[in-house]
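Have a look at the structure first, then read on.

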Amino acid sequence: MPEKFVLRSTLTSPFGRKVRMAAEVLGLMDRIALLPADPQDEADTLRRQNPLGKMPCLLLADGTPIYDSGVIVEYLDQIAGGDRLLPAGGLARIKTLTRARLADGITEAAILVVYEGRFHEPGQQSERWLTHQRGKMLRALAAFEAAPPDSGKTDLVAIGLACALGYLDWRQPVEWRAGHPRLVKWLAEFAKHEPAFERTRAPNS
Ligand SMILES: N[C@@H](CCC(=O)N[C@@H](CS)C(=O)NCC(=O)O)C(=O)O
């Protein structure tokens, strides 16, 4: 019987969505049970599974935790036979991983902007910090605008970028649509090409 996994993640986590999308595309979702986590709850077992207290975290059948999202997707790709979401080796793999990290960096900066609002009282937020994070998002978006991925291809880069843009649309840490027409077109086309994008959208997001 194929091994079953537990994925510690909420439906709204953009990095959790990345893993859920990858699992859908690889046909592995029926082996994964979603168990929500609360990173702010110190009693949540998430902090023992991943000492960083971050989701997503994949638990193997014997309880071994796998994180972060990039490593989880690499693992899922491997058990699905490999070479599906990222090239198996060589410089092509390294280039894909680098672009995927760039997409993840948009999400990371977006999350930090959201947390700035969540962890500080109104009026206590650092405009300098927010501008710093928005600069990261805008530079990374400009890089993707200059060279968007192939909208007919679902790989680690496309999945990460789609989750990043979906999160920007939902939380609005920065306005991205007006200044990035090629990315707007890319996301619309990718969403048509890859049904897992809409299937993994969190309710009300
Ligand atoms: N690099 C990590 C980032 C994960 C991450 O930032 N997750 C957020 C939710 S989307 C989280 O758990 N934040 C809680 C915290 O930072 O304490 C990954 O790719 O999995």
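What volume does the largest cavity have? The answer is about 120 Å³.

## About the model

This is a predicted model, in which local features need pLDDT of at least 70 and side-chain atom pairs count only at pLDDT 80 or more, while totals for chains, interfaces and linings use all residues. Residues are numbered from 1 along each chain as its sequence is written, and side-chain values use heavy atoms, with hydrogens and water left out.

The structure holds 1 cavity of 30 Å³ or more. On a 1 Å grid over the protein atoms alone, a cavity is a set of points where a 1.4 Å probe fits but cannot get out, and lining residues have an atom within 4 Å of a point. Grid points are joined across faces, edges and corners, and a volume is the space filled by probe spheres set on the points.

Residues that line the largest cavity include Leu11, Arg17, Trp170 and Thr200. H1 and H6 are the elements that give two or more residues to this lining, and H6 has the largest share, with 4 residues. Helices are DSSP runs (H or I, at least four residues), numbered from the N terminus. By class, the cavity lining has 6 nonpolar, 4 polar and 2 charged residues. Here Ala, Val, Leu, Ile, Met, Phe, Trp, Tyr, Cys and Pro count as nonpolar, Asp, Glu, Lys and Arg as charged, and the others, Gly among them, as polar.

## The open pocket

A pocket is an open set of points with protein on both sides within 12 Å along at least five of seven lines. The largest pocket holds about 860 Å³ of space. It is lined by 33 residues, and the closest to its centre are Phe15, Lys54, Met55, Ile111 and Tyr115.

H1, H3 (69-79), H4 (90-119) and H6 (156-171) each supply at least two lining residues, with the largest share, 8 residues, coming from H4. The pocket lining has 15 nonpolar, 8 polar and 10 charged residues.

Now to Arg20, found in helix H1 (residues 14-25).

Leaving aside neighbours within four places in sequence, Arg20 is in contact (heavy atoms within 4.5 Å) with Leu7, Leu11, Met29, Leu34 and Thr200.
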